[in-house]
Amino acid sequence: IRDKSKFKDKKIVIAGGGDSALDWTNELASIAEVTLIHRRKDFRAAPGSVSKMLELEKEKKINFRLGQLTQLFGEDGNLTSIRFKNEEEEGTIETDYLLPFFGLKMELGPIASWGINLDKNLIKVDTEKFETSTPTIFAIGDINTYPGKLKLILSGFHEAALMSQQCFAYCFPDKKNVFKYTT
C-alpha cells in the first residue's frame, strides 16, 4: 500500500491472519471502516499486533469475521461487496476495497522425492555448512530446519554465508578460499 489516504472513510475488508493483514488492520482502523476476515481466531502475526487488533475489536473500532471469502461482487469494475462462509453462517459484507494478505503455502513439490531427510515438510540440514543429507544439495532460509532455527531474514544471510563456503570447496577443491569480510 503506497498511499493509505485513498482508504480514508472507505469500507475495507482485509483477509488474512499474518503480520501484513494485522498490521494494515491496525493501521487503517483510524481512517476507515475495517473488517478483518480470517479462517480461524488464531493468528500468525506478532503478538503485539494481535493484541492491538483484539483491543480494536473489543472497542468496536474494527469488525472481525470468522470465515473465508467465497465470492466477490461489483459493478463496472468496482468492488461492492464480498461473500464469506464459515461453519455456522454465510454472509455478505459491503466494501469498497478488498486487501487480501494470504501467506505462502510451502510445498516441496518434486524436491520431496529427492530422498533428502525431511522433518515436517522441512529439509533437515547440517548447520556447519547447510548441506542436506545428500552431498552437494543445500537448503537455506525458511525451507530448512535444525535445532534452534529462527525464521528471520538475518538467519538466512548467516546460513547463506556458511553454505557458500562449502559450495566454494566443492567447486574449487584445489583452491584456498580467502575469507573476506566487512564491518
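This is a short walk through one predicted model, sheet by sheet and then helix by helix.

Two ground rules before we start. The model is predicted, so local features need pLDDT of at least 70, side-chain atom pairs count only at pLDDT 80 or more, and totals for chains, interfaces and linings use all residues. Residues are numbered from 1 along each chain as its sequence is written, and side-chain values use heavy atoms, with hydrogens and water left out.

Strands pair if DSSP finds at least two bridges between them.

Start with the sheet of four strands. It is open, and the order is β3-β2-β1-β7. The pairing is parallel. Which strands sit at the edges? They are β3, residues 62–66, and β7, each pairing on one side only. From one strand to the next, the twist averages 20°. Angles here run from 0 to 180 degrees between N-to-C directions, with axes fitted to C-alpha atoms, and for helices over the stretch in contact.

Look at β2, residues 33–38. Five bridges join β2 to β3. Within that pairing, V34 stands opposite I62. Helix α1, residues 19–28, packs on this sheet. Helix α1 touches β1, β2, β3 and β7, and its direction makes about 160° with that of β1. Touching, or contact, means heavy atoms within 4.5 Å.

Buried or exposed? T35 is buried, at 7% relative accessible area. The scale is this: buried is under 20%, exposed is over 50%, partly exposed is in between, using a 1.4 Å probe and protein chains only. Leaving aside residues up to four places away in sequence, T35 touches I12, V13, I14, N63, R65 and I93.

β5 and β6 form it, with four residues between them. β5 covers residues 78–85, and the two strands pair in the antiparallel sense over five bridges. I82 has I93 as its bridge partner in β6. β6, residues 90–94, has two faces. G91 and I93 are on the covered face. E90, T92 and E94 are on the uncovered one.

Next, a sheet of three strands. Again it is open, in the order β8-β9-β10, but the pairing is mixed. β8 (118–119) and β10 (144–145) are its edge strands. β9, residues 122–124, runs parallel to β10, and two bridges join them. I123 stands opposite N144 in β10.

Two loop residues deserve a stop. In general, most residues other than glycine have a negative phi. K120, in the loop between β8 and β9, has a positive phi, near 55°. K120 is exposed, at 77% relative accessibility. T136, in the loop between β9 and β10, also has a positive phi, near 75°. T136 is partly exposed, at 49%.

On to the rings. How many aromatic pairs does the structure hold? Five. Rings of Phe, Tyr and Trp (its six-membered ring) pair if their centres lie within 6.5 Å; planes under 30 degrees apart are stacked, over 60 edge-to-face, and the rest tilted. Take F7 and Y97: centres 4.8 Å apart, planes at 80°, so edge-to-face. F7 lies in the segment before β1 (11–15) and Y97 in β7 (97–100), so the pair ties together parts 90 residues apart in sequence. F7 is buried at 2%, while Y97 is partly exposed at 28%.

Another pair is F138 and Y170. Their centres are 6.2 Å apart and their planes at 65°, so this pair is edge-to-face. F138 is in the loop between β9 and β10, Y170 is in helix α3, and 32 residues separate them. F138 counts as buried at 19%; Y170 is partly exposed at 36%.

Last stop, α3 itself, residues 153–171. Its 19 residues reach 26 Å from first C-alpha to last, close to the 27 Å expected. That expected span is 1.5 Å times one less than the number of residues. Its buried residues are S155, G156, E159 and M163. The face turned away carries the exposed L154 and F157.
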